[in-house]
Amino acid sequence: MKDKCGIVGIYSLDKNKDIAPHIYYGLYALQHRGQESAGISTSNGKKFYTHKGMGLLYEVFNGKKLKKLKGNIGIGHVRYSTTGQSRIENSQPFHSRIDGLDIAIAHNGDIVNSWELRRKLQREGYTFRSTTDSEVISHLIRREYQKDNNMMKAIERTSKHLIGSYSLVILFNHGLYAVRDPLGIKPLALAEKDGTRMVASESVAFDVIGAEYQRDVQPGEIIHLNNEESHIIKGSEKMRRAHCMFEYVYFARPDSIIDGRNVYEVRLKIGRALYREHPADVDVVMPVPDSAITAAIGYSRESGIPYGEGLIKNRYVGRTFIMPTQEERETAVKLKMNPIKSELENKRIVLIDDSIVRGTTSKALIDVLKGAGAREIHLRIGCPPITSPCYYGIAMATKKELLASNKTIEEIRDILGVDSLGYLSIESLVEAIGISKENLCTGCLDGEYPTPLPLKHGI
C-alpha cells in the first residue's frame, strides 16, 4: 500500500531567515509517507527556488543544495505515486506561472475526477507536462485566479470542482496558503514557533524543529499563513466528515496527533479490543514490526500475556522493494523480516498485524515463523477485512486482488496457514478511534464511499 504523500509549509516573519533546512527536517519526519521523490520550493519575495528529485530525502538534498533554496517562506513534499507514474516530471512541488507570477503546489491525496477535469482543461487550451492531479489543480487555480486576481477566492472556486481527497500547501507570489478538503479525508495540522508558522501532514513534523502543535486545519478551511487569515469554503461546515481510518491503523507515525487524537493511544485501544474480541491461549504476543507494535502492546496489556519480539525488521530495505518473481519476492520478505529462532521455537504465538491486503506478505511471514519452529500461530488483525479499493490516495489493489473481497475468514485462515484468524470489527475500530462512523471514511472496508466513484463520472 502507498499513501500520497507528505507535505510541509513554513512561513517565517523574519525576512532574513532561510527556512529550507526546517522544511527538510519536517519532511524527514514524514519520510514514511513517501519514498519515491522529494522536493522543496522557497521564495524570498523576489524569486522562487525549487529543487526536487527521485529517491529519499538524503538522496535528493545535501547541505549545498539546501543553501541554494533562499527565502523565509516555502513548501515541501515527499511522494508516493497514486495518480501519475513514478518519474521526475511528476515529483512535487509542482511549479508553474500565473500572469507572470510563480506558483508552487504540494498535494497529499487523490482527486477522483482528475481525468475528467484534465480533458475539460485540455479542450480549453491548457497543456500538461505531467500526469499528476496536482497539475490539474494548478491549472484550475490559474483559471480561477485570472477572473479577479484573488487567490483565496480562486482556491475556493477551484475546490468546488474537485471530488476526492486533498490537503494542499500553495506558494504563490510570496504568499503561503494551506487547504484541506471539505470532508477532511487527508490530515493537515498547524503549529507555530517564535513567529514561524507551519503546516504539515502530521504533527511529528513540528516536533523535530521544536514548533508547538496548535490545532488541525478544519475540513474545508483555507488559511493564508502570512496574515493568519482563515476562510471556510461555503457549505463545507454542513457536510459530513470522512477522516481516513487508515491513518490511525497504519499510515501515521504512532507519535502523531491526527484530528486531535493521539495515534499511539488509538492503536493501544485497537490492541486491547482485539484481545476482547479474539482471545488466544498462547505463550507470547508478537507484532509484525513496525506498524503493529503498539497494537501488540495493547493486546499484551489487556490479556496479561507477555510481549515479545519474534521478527526483526531490516530498516534498510525500503517499502518499495519490488521483485518480479515469486522466489525473489519471498527473498525480499526474508530480507525485510528475520526471525529470532530462540524466541519462536516450540512457542504458541499470537501474531498482531495492522491489516491484510493481498495476503502475499502475510503468507510469506507465516512461512518464516513456521520455519523458525513456532508451534502455533494465531493471527490477529487490527483492521477489519479490506474488501474494496481506495480511491482517495492509497494505492491498494483492485477488488479481485484483495484477499478478503470474496473469501470467508475460514478460507483466508486456510490460505495463510494459521491456527486461528481474527479481524477487529468495524464497531471496535470506530470506538478505538473515537470518531463516529458517519465521520470516518471506511470505503475500503464496507464499500460505503463518501463521494461519487470514478465510474459514476465516466472515468
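**Close-up 1. Tyr-24 and Phe-61, two buried aromatic residues.** In this predicted model, both Tyr-24 and Phe-61 are buried. Tyr-24 has a relative accessibility of 11%, so with the limit for buried residues at 20% it falls on the buried side. The ring centres of Tyr-24 and Phe-61 are 6.1 Å apart and the planes meet at 75°, so this is an edge-to-face pair. Tyr-24 belongs to helix H1 (residues 20-29), while Phe-61 sits in the loop between helix H2 (57-60) and helix H3 (63-67), so their pairing ties together parts 37 residues apart in sequence.

**Close-up 2. The aromatic cluster around Tyr-24.** Here you can find Tyr-24, Tyr-25, Tyr-28 and Phe-61 together in one aromatic cluster. The whole structure holds 10 aromatic pairs. One of them joins Tyr-24 and Tyr-25 edge-to-face, at 5.7 Å centre to centre and 70° between the planes. Tyr-25 is partly exposed, with 42% relative accessible area.

**Close-up 3. Arg-118 over the ring of Phe-128.** Look for the charged end of Arg-118, which sits over the Phe-128 ring at 4.2 Å from the ring centre.

**Close-up 4. Four cysteines annotated as a binding site.** An unreviewed UniProt entry gives the annotation "binding site" to Cys-244, Cys-390, Cys-441 and Cys-444. They spread over 201 residues of sequence, yet they cluster in space, with a largest C-alpha distance of 10.2 Å. Cys-244, Cys-390, Cys-441 and Cys-444 are included in the lining of the largest cavity.

Close-up 5. Cys-441 is found in strand S23 (residues 440-441) and is buried at 10% relative accessibility. Beyond its neighbours within four places in sequence, Cys-441 has contacts that include Cys-244, Tyr-392 and Pro-450. Cys-444 lies in helix H16 (residues 443-446) and is buried at 8% relative accessibility.

Methods:
Residues numbered from 1 in each chain as written. Predicted model: local features only at pLDDT ≥ 70, side-chain atom pairs only at ≥ 80, totals over all residues. Heavy atoms only, no water. Phe/Tyr/Trp six-rings, centres within 6.5 Å; stacked < 30°, edge-to-face > 60°. Buried < 20%, exposed > 50% of the residue type's maximum accessible area, 1.4 Å probe, protein only. Helix = DSSP H or I, 4+ residues; strand = E, 2+ residues; numbered from the N terminus. Lys NZ or Arg CZ within 6 Å of the ring centre and 35° of its normal. UniProt positions renumbered as here; feature names shortened; annotations may be inferred. 1 Å grid on protein atoms, 1.4 Å probe; cavity = no way out; pocket = protein on both sides within 12 Å on 5 of 7 lines; lining within 4 Å. Contact = heavy atoms within 4.5 Å.
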